[in-house]
Amino acid sequence: MKTKHVIDPEDLSVSELMDIIRLANEIKQSPQDFSGACRGKILATLFYEPSTRTQMSFKTAMLRLGGSVIGFDNPQNSSVAKGESLKDTITVVGGYTDIIAIRHPSEGAARAAAMYSAAPVINAGDGGHLHPTQTLTDVVTLYNEKGSLSDMTIGLCGDLKNGRTVHSLIKTMSHFKGNKFVLISTPELAVPQYIKDVMNASDCEYTEVPTLQEAMPMLDVLYMTRIQRERFASPEDYEKQKGVFVLDRKKLLTAKPDMKILHPLPRVDEIEVDVDYDPRAKYFVQTIYGMYARMALMKTMLDKPDRTPMPRKFDTHKVHCDNPRCITATESYLPKIFKEVGGDMLTCTYCDGRKLI
Ligand code: NCD
């Protein structure tokens with residue numbers, strides 16, 4: 001792999017992604033052949049935010065590869081509760097272990113962690129920003145259930161603003177030819193500008209529609225997501241958005257017979273339980289593909305271990321990121337790093353937040 005860390009789904013090239021999909025399928029076919037593939041290796045799962053699937057799937061994946069796992073799922077049980085910085089925790093854990101999976105409520109936290117870690121870092125979700133291993137889960141599912149990753153009309157429904165799985169999936173699927181996106185959300189929960197820029201840059205067609213009914217007949221894939229309650233400024237704001245999009249059997253009457261329904265889970269109320277018995281519902285089998293995807297990713301990263309130390313000093317910009325959810329808002333020692341977009345705009349390297357110069 002070209003990059004040491006997997007922070008953004010675009011850290012994996014299309015050919016690296018295809019290699020991981022193939023390896024995931026080989027492992028699924030004969031898991032016994034891989035039961036010692038990571039013997040002696042240690043994974044740290046540092047979960048600063050709740051998780052069922054992602055954390056357990058990382059752990060199970062490493063155990064099934066013959067390795068071991070350490071970590072925390074409640075930062076209050078670690079030195080974080082005593083005020084330890086992300087930098088210090090990562091410096092120490094990166095020295096103890098061979099690979100780290102980190103989930104954090106702040107956008108850009110995994111990028112920040114990677115700057116201080118000797119061990120490779122995998123982003124297991126950074127706030128409402130990105131979630132590359134959910135995307136691996138999704139593409140392994142699509143590749144197996146649809147037979148291809150190209151020429152599809154993909155509907156994404158729900159909280160497209162805060163849904164990190166949505167952002168990551170769009171980034172990856174826009175690299176495959178002929179994919180179109182139908183974005184189904186309220187105006188308040190539309191995808192952020194940096195994701196629209198990704199679709200524009202790769203000439204992917206997209207439309208924004210207000211209802212599931214309007215989108216349904218044209219879709220090859222429907223990717224449902226929950227409204228991300230924990231990312232709202234107030235309970236009232238959440239109440240206004242919840243329950244707007246609910247998939248039920250009636251709405252599926254106009255769907256293509258081979259459409260596939262995906263959902264990263266957890267589900268709240270956006271898919272009625274009845275839909276689980278429709279053969280197009282793939283969201284539970286998707287979790288199994290996810291475990292094999294993470295086995296394939298970790299095996300690939302650990303086959304050629306990269307423990308290159310990161311530079312000790314980074315150039316820092318004079319301006320600050322304006323995004324209150326950016327990791328630089330709470331971990332103040334982090335160097336401010338921006339890329340220029342266009343002539344008059346800066347993008348924060350951690351969270352993709354925009355700022356006029
Ligand atoms: C997703 C996440 O954490 O972003 N869940 C997951 O990783 N399987 C989706 C969500 O929480 O809604």
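The model is predicted. Its protein chain is divided into three parts: domain 1 (9-131 + 288-303), domain 2 (134-284) and domain 3 (311-357). The ligand lies between domain 1 and domain 2, because both of them give residues to the shell around it.

- The space that the ligand takes is the largest pocket.
- The ligand is surrounded by Arg53, Thr54, Arg103, His131, Gln134, Arg164, Thr165, Arg226, Gln228, Pro264, Leu265 and Pro266.
- By residue class, the shell around the ligand comprises 5 polar, 4 charged and 3 nonpolar residues.

**Polar contacts and burial of the ligand**

- An oxygen atom of the ligand is 2.6 Å from an N or O atom in the side chain of Arg226.
- A nitrogen atom of the ligand lies 2.8 Å from a polar atom in the backbone of Leu265.
- For Gln134, an N or O atom of the side chain is 3.3 Å from a nitrogen atom of the ligand.
- The ligand exposes 310 Å² when taken alone, and the protein buries 94% of that area.

**Domain arrangement**

- Domain 1 is assigned in two segments, 9-131 and 288-303, and contributes to the ligand shell together with domain 2 (134-284).
- The centres of domain 2 and domain 3, taken over C-alpha atoms, are separated by 29 Å.

**Backbone features**

- Most residues other than glycine have a negative phi, and most peptide bonds are trans.
- The peptide bond that joins Leu265 and Pro266 is cis, with an omega of about 10°.
- Pro266 is found in the loop between strand 9 (260-262) and helix 10 (285-303), and both Leu265 and Pro266 are among the residues that surround the ligand.
- Asp151 has a positive phi of about 55°, although it is not a glycine.
- The loop that holds Asp151 runs between helix 5 (132-146) and strand 5 (153-157).

Key
Residues are numbered from 1 along each chain as its sequence is written. This is a predicted model: local features need pLDDT of at least 70, side-chain atom pairs count only at pLDDT 80 or more; totals for chains, interfaces and linings use all residues. Side-chain values use heavy atoms; hydrogens and water are left out. A residue is near a molecule or strand if one of its heavy atoms lies within 4 Å of it. A polar contact is a pair of N or O atoms within 3.5 Å; within protein, one must be able to donate a hydrogen and the other to accept it, and residues adjacent in sequence count only if both atoms are side-chain atoms. Accessible areas come from the Shrake-Rupley method with a 1.4 Å probe; for residues, only the protein chains shown count as cover. On a 1 Å grid over the protein atoms alone, a cavity is a set of points where a 1.4 Å probe fits but cannot get out, and a pocket is an open set with protein on both sides within 12 Å along at least five of seven lines; lining residues have an atom within 4 Å of a point. A molecule sits in a cavity or pocket if more than half of its atoms lie within 2 Å of its grid points. Ala, Val, Leu, Ile, Met, Phe, Trp, Tyr, Cys and Pro count as nonpolar, Asp, Glu, Lys and Arg as charged, and the others, Gly among them, as polar. Domain bounds come from an automatic or database domain assignment. Helices (H or I, at least four residues) and strands (E, at least two) are DSSP runs, numbered from the N terminus.
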